[in-house]
Amino acid sequence: MKTMTIPPQSIAARGPLSGIKVVEIGMLFAGPMASAYLGDLGADVIKIEPPNGDEVRRMGHFKEGEPLWWRVTNRSKKLLAVDVKTPAGAEVIRRLAATADVFVENFRPGKLASWGLDYQTLSAINPGLVMLHISGYGQTGPYSARPGMGTLAEAFSGFAHTTGEPGRPPTLPAYPFADGVAAMMGAQSILAALVNRSRNGGIGDEIDISLYEPILSLLGAMAIDYDQLGVVGKRRGNRSTWSTPRNTYETKDHRWIAVSAAANSGARRLFNAIGRPDLAERPDLQTNPQRMLRLEECDGAVADWVREHDQEEVLKVFEQAGVVAGPVYDVAQLFVDPHIKARGTLVDLDDPILGKVRMQGVVPRFRRTPGEVRYPGKAVVGADTREILTNLDYSSADIKQLEQAGVVKL
């Protein structure tokens, strides 16, 4: 299968959300990522950024002065550069919201209200509007006014406390994990609200998502274990809290593999594959609770065997034995893996400045109405300002006046 290539002229939206209009006034990652996921599925997304450009334009790695992260988080979006803090700028947003299906924002609670862009105001103009708020601690509660970032959410949610090696400091992810999880849940909630709108006479809804609660929702039995048993999760490295063997193991050629033997039958296959039928047949190692009582013995046996063999050999033996295992990849290995290529997991896009660029493709995949990444985040601040304002019935004179006043950037 050939690598997917999207020509620069192929910008018409397609996908299950084609025809849905999204306005995003976000900063950094959570809000912009939520709208990017909607754009991947065909929504027409208009991103609002300040006239001096969004902060992500000044973050991450650059190539020849061009921001790379910006290309990913703001893919397939039209760009409107407007100073929403000014009355004239806020009026532009109100006009835009009147034409939209969805409004996404991730400022601190109360900020949009101070600009006259709260849900009550916008829904009075457009009763069908679905509005998503993403903030550090949510719109309510004693911490709602606190500044919140993904790093704090990863710590506050309990995630960081259980992540890392035993006896070592809590570990934070290197990428905006909390923002990504909140963005996915935000996109999901928007879709639910749109379905509900179609059933209740076209009335929209207001959605409140904090950065910490989506992560907490992913932490399995952590809350109920504490509630019922007083168990406080601890850092265990790559070991599981409920099954073994489960870990990453270093091979003889100093590469790594990941193994999960959560199923009891899988554990027996694993022990047999490493030449330890004695462990596979022992009556006291037939279930996960039993093996967890002998974690060091079970996990150590796998580690000892793996370190005596090269990665390729280990994976071959495990595959033949039906062991659930795979390589620990870095990004360079992802780029050359045949499965990644066959699936089109990474897509090739044409950037007018950088040329060919590759980034993550659309998730999920629809058979009948597939989405697509239409183009990378545009390099020019306010690239579509004039077009958007014209569509909102601003005259050429009006647009010129807004530009001269510094309210918009063309």
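**Close-up 1. Ser-76 occupies the loop between α2 (68-73) and β6 (77-82).** Helices (H or I, at least four residues) and strands (E, at least two) are DSSP runs, numbered from the N terminus. The model is predicted: local features need pLDDT of at least 70, side-chain atom pairs count only at pLDDT 80 or more, and totals for chains, interfaces and linings use all residues. Residues are numbered from 1 along each chain as its sequence is written, and side-chain values use heavy atoms, with hydrogens and water left out. Ser-76 is a residue other than glycine with a positive phi, near 60°. Its relative accessibility of 1% places Ser-76 among buried residues (buried means under 20% relative accessible area, exposed over 50%, partly exposed in between; 1.4 Å probe, protein chains only).

**Close-up 2. Asp-393 lies in the loop between α17 and α18 (396-404).** Phi of this non-glycine residue is also positive, near 70°. Asp-393 is exposed, and its relative accessible area is 67%.

**Close-up 3. Tyr-143 and Phe-156 form an edge-to-face aromatic pair.** Nine aromatic pairs are found in a search of the whole structure (rings of Phe, Tyr and Trp, the last by its six-membered ring, pair if their centres lie within 6.5 Å; planes under 30 degrees apart count as stacked, over 60 as edge-to-face and the rest as tilted). In the pair of Tyr-143 and Phe-156, the centres are 6.0 Å apart, with 75° between the planes. This pair links distant parts of the chain, 13 residues apart: Tyr-143 is in the loop between β8 (130-135) and α6 (150-156), and Phe-156 is in helix α6.

**Close-up 4. Trp-305 and Phe-318 form a stacked pair.** Their ring centres are 5.4 Å apart and their planes lie at 25°. Trp-305 is in helix α13 (residues 295-306) and Phe-318 in helix α14 (residues 311-321). Trp-305 is buried at 15% relative accessible area, and Phe-318 is buried at 0%.
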